[in-house]
Amino acid sequence: MSSQKKRATKVDPFKHRTEVDPKFFDKSWKKLDDAIREIYNHNASGLSFEELYRTAYNLVLHKHGLKLYDKLMEKLKGHLEEMCRSVEDAQGCLFLEELQIRWDDHNKALHMIRDILMYMDRTFITTFKKTPVFDLGLELWRDIVVRSPKIHGRLLDTLLELINRERMGDVINRGLMRRSTNMLMDLGPSVYRDDFEKPFIEVSESFYSVESQQFIECCDCGEYLEKVQRRLAEELERVSQYMDAKTADKITSVVETEMLLIHMQRLILMENSGLVNMLVDDKHEDLTRMYNLFKRVPDGHSTIRSVMTSHVKETGKALVTDPERLKDPVDFIQRLLNEKDKYDEIISVSFSNDKTFQNALNSSFEYFINLNNRSPEFISLYVDDKLRKGVKGANEEDVETVLDKVMILFRYLQEKDVFEKYYKQHLAKRLLSGKITSDEAERSMLVKLKTECGYQFTSKLEGMFTDLKTSQDTMQSFYANISGDTDGPTISVQILTTGSWPTQPCAPCNLPPEITDISEKFRAYYLGTHNGRRLTWQTNMGNADIKATFGGRRHELNVSTYQMCVLMLFNSADGMTYGDIEQATAIPRAELKRCLQSLACVKGKNVLRKEPMSKDISEGDTFYYNDKFTSKLVKVKIGTVVAQKETEPEKMETRRRVEEDRKPQIEAAIVRIMKSRRVLDHNSIITEVTKQLQSRFLPNPVVIKKRIESLIEREFLERDKVDRKMYRYLA
């Protein structure tokens, strides 16, 4: 049986023959053409949009989409050419208004036409990749009207002229401007950018270039910056009213470049009105404006910061090196604090608490404070003055504020150990003379120093307070022990631990017999209750209250121990020569002269009379008991004539002691470093030691080198046999 191939069967669809009217397109288009004309003539109310939509639908359905699209384009061109002529014929201020009227008409018409031809938009245009109806209308408006040779330049010139008039203070029709720029934006970002924004920016550059030159020639810095601030605000408002928001950054950049960046150096350094003048005169408003405006331009803040730093360093250097200012340490430090307060306020109020400016200020103060090697002493004297006398009219909170400010200056010191030496001396005098106005303030200062520098810095200072408390308990026990023998003078002894107090070797002076008796009783009691201790009287640090009669008038005199020794001599003699007094008391010559000067030469305190009378004490002088001394006060305090600052020899001695104290600290740092590193080169040791000790003082590289040599001699270190700049730690 032979195989046969199966034939594939095919079923053709039934073809219904329809007769199409040859004039179908023409009739349909006529209907649409009339409708478009009526729409542009504002007679759309009588049209049946449903019927028009169906007409357009049928045309597309019957493959007439391309012809319909071409006819539509032709029709729109005709209407737009007519509109273009109407706009071109408009004169003067009517030009923009006519343009907007025609634009509004065209826009409304496009919305209606798009609705009628919606089916063509969805099918034909998508398939054949044609421009949608509405977009086609916009493109034709752009090409035929906006970019018409007679409209394009005129439109730009009109818009720029209106903006220029507004910049010069005229009032313009912002609504019309807004509609005009919105029209350009509706035509596409490139149209707005190319036809308006770019020329606008170029014209603005020229405008502000000329204006800035005019302003800078006739205005001071503050006035100029005010005008810049106003111009920036105006431009931003202008953009918000009738421009694209993206134009804001571009136009502000123009103002910033032309009015600020180009003239930055001249403005900041402007004589009699620039940054320095603003700083000197505390012009906070102008400084705020300068800070905010120059934040907008490259290197603006760094330039301000640099000029401010130079000015602060200059004025600070002039202050700390002025011999007249150095005569009064308290006033010297007060001026520094006033300067610090002044610039802190400027940075807080005008510079938004900018940390970079605060750091620059700190760096400047640190620079010039350390130019004066007496700054540590002066800061200590200032604290001493405030803690002795208190702050005038201030409560404890105000005193605390003053101490906080002083601590800021303290942080700038590179030689904090020098401050420690002086502070210990001044604290000792306050404690021993009982001139502490607030124990709370003293303790608070110690806490601040401990927080800043650690326990080691304040351990001896705290020991001084402990000694005073222990001394009180000891004196109570002493008087309880001799309660049956209370005739004669009483003494209050402060027992000072050697090492905690800044005591110096003191030549023994001859105390009056009455005082010697009670002193020896105390010595016997104390050494009897404390084994292995030794007492040395520091007569240069004591004081006394003695009763005296002058011509029948009784007074109580508060004097130093040396002054007491001198005055007690006049119980047995009316007059004595300088030599007699010196021999009888054995007081050191310099101290004796100061003592006699305060007793005989200070008006109102002259309980002794000197012959011949003069301000200075000489060895040929004779002193007499002044029975004509008078005072309104029963209790009279007679201070010792002494300079507030150290004398040159005292200063040199303090410096020598500081240098001696530094040696073991430097050696300890070297050993710590070498113990951990084992082998290290010379420069690295210098760097590491400086880093470790800079919180207390800035060690001198020469001194570090000497301490290394000393450690090598004592066999803590050795030099490398090959490289002599290398050191090895010897365990």
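Two strands pair if DSSP finds at least two bridges between them, and strands themselves are DSSP runs (E, at least two residues), just as helices are runs of H or I with at least four residues, all numbered from the N terminus. Before we use that, a word on what you are looking at: this is a predicted model, where local features need pLDDT of at least 70, side-chain atom pairs count only at pLDDT 80 or more, and totals for chains, interfaces and linings use all residues. Residues are numbered from 1 along each chain as its sequence is written, and side-chain values use heavy atoms, with hydrogens and water left out.

Let's start with the strands towards the end of the numbering. Strand S9 (residues 726–729) runs antiparallel to S7 (residues 679–681), and three bridges join them. Six residues lie between S8 and S9, and the two form a hairpin. "Buried" here means under 20% relative accessible area, with exposed being over 50% and partly exposed in between (1.4 Å probe, protein chains only).

Step back for the overall picture. The protein has 30 helices and nine strands. Its radius of gyration (taken over C-alpha atoms) is 49 Å, well over the 27 Å that the globule rule gives for 731 residues, so the protein is more spread out than a compact globule. That rule is 2.2 Å times the number of residues to the power 0.38. Along the principal axes, the C-alpha atoms fill a box of roughly 155 × 95 × 55 Å. Of the 731 residues, 44% count as buried. Take contacts, meaning heavy atoms within 4.5 Å, between residues at least 6 apart in sequence: 70% of them join residues at least 24 apart.

Next, the aromatic rings. A pair of rings is described by the distance of the centres and the angle of the planes. Rings of Phe, Tyr and Trp (its six-membered ring) pair if their centres lie within 6.5 Å; planes under 30 degrees apart count as stacked, over 60 as edge-to-face and the rest as tilted. By this rule there are 22 aromatic pairs. In one of them, the ring centres of Phe 332 and Phe 378 are 5.2 Å apart with the planes at 75°, so the pair is edge-to-face. Phe 332 sits in helix H17 (residues 329–349) and Phe 378 in helix H19 (residues 375–389), 46 residues apart, and the pair links these distant parts of the chain. Phe 332 is buried at a relative accessible area of 0%, and Phe 378 is buried too, at 1%.

Phe 478 and Tyr 525 make a further pair, with centres 5.6 Å apart and planes at 50°, so this one is tilted. Phe 478 belongs to helix H23 (residues 455–481) and Tyr 525 to helix H24 (residues 513–529), so the pair ties together parts 47 residues apart in sequence. Both Phe 478 and Tyr 525 are buried. Ring pairs also link them into a cluster with Tyr 479, Phe 522, Tyr 526 and Trp 537.

Which residue does the side chain of Glu 667 make a polar contact with? The partner is the side chain of Arg 707, at 2.8 Å. A polar contact is a pair of N or O atoms within 3.5 Å; within protein, one must be able to donate a hydrogen and the other to accept it, and residues adjacent in sequence count only if both atoms are side-chain atoms. Glu 667 is in helix H28 (residues 648–677) and is buried, with a relative accessible area of 13%. Thr 55, in helix H2 (residues 49–61), counts as buried at 8% relative accessibility. A polar atom of the Thr 55 side chain lies 2.9 Å from the backbone oxygen of Glu 51.
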